[in-house]
Amino acid sequence: MIKKIGVVGLGTMGLSIIKHLASLEEFNLIGYSRNSVKDDKKFMLTQKLDDLHDCDLVIEAIEEDFKIKSEFFCKIASIVSKKCILAT
């Protein structure tokens, strides 16, 4: 069962995804961005990937660059549990 969702990359797409999920009021949400983002009361914000360690689902919405995405997935796979779903 998915209880906690992380969204990585809070640009236009990632922010839209996390705001939609927040409107459902069904999940604990955490948004990760390397850059500072305006605080939102409906979900937690972080600049530390390690804070996503207990997510059941991580949705990646970072820039469209294969090298950057590959590095991200290698890093996040070592942080989350083996049961976590990684989506792009």
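Met1 sits in the segment before strand 1 (4-8); helices (H or I, at least four residues) and strands (E, at least two) are DSSP runs, numbered from the N terminus. This is a predicted model, where local features need pLDDT of at least 70, side-chain atom pairs count only at pLDDT 80 or more, and totals for chains, interfaces and linings use all residues. Residues are numbered from 1 along each chain as its sequence is written, and side-chain values use heavy atoms, with hydrogens and water left out.

Back to Met1. Its relative accessibility is 87%, so Met1 counts as exposed (buried means under 20% relative accessible area, exposed over 50%, partly exposed in between, with a 1.4 Å probe and protein chains only).

Now the strands. Strand 1 pairs with strand 2 in the parallel sense, over five bridges; pairing requires that DSSP finds at least two bridges between two strands. In strand 2, Asn28 is the residue opposite Lys4. Strand 2 (residues 28-32) is largely enclosed by the rest of the structure, because four of its five residues are buried. On to strand 3 (residues 44-46): strand 2 runs parallel to strand 3 and is joined to it by three bridges. There, Tyr32 stands opposite Thr46.

Last, the rings. The structure holds one aromatic pair (ring centres of Phe, Tyr or Trp, its six-membered ring, within 6.5 Å; planes under 30 degrees apart are stacked, over 60 edge-to-face, the rest tilted). Phe72 and Phe73 form that edge-to-face pair, at 5.1 Å centre to centre and 70° between the planes. Phe72 is buried at 8% relative accessible area, while Phe73 is partly exposed at 24%.
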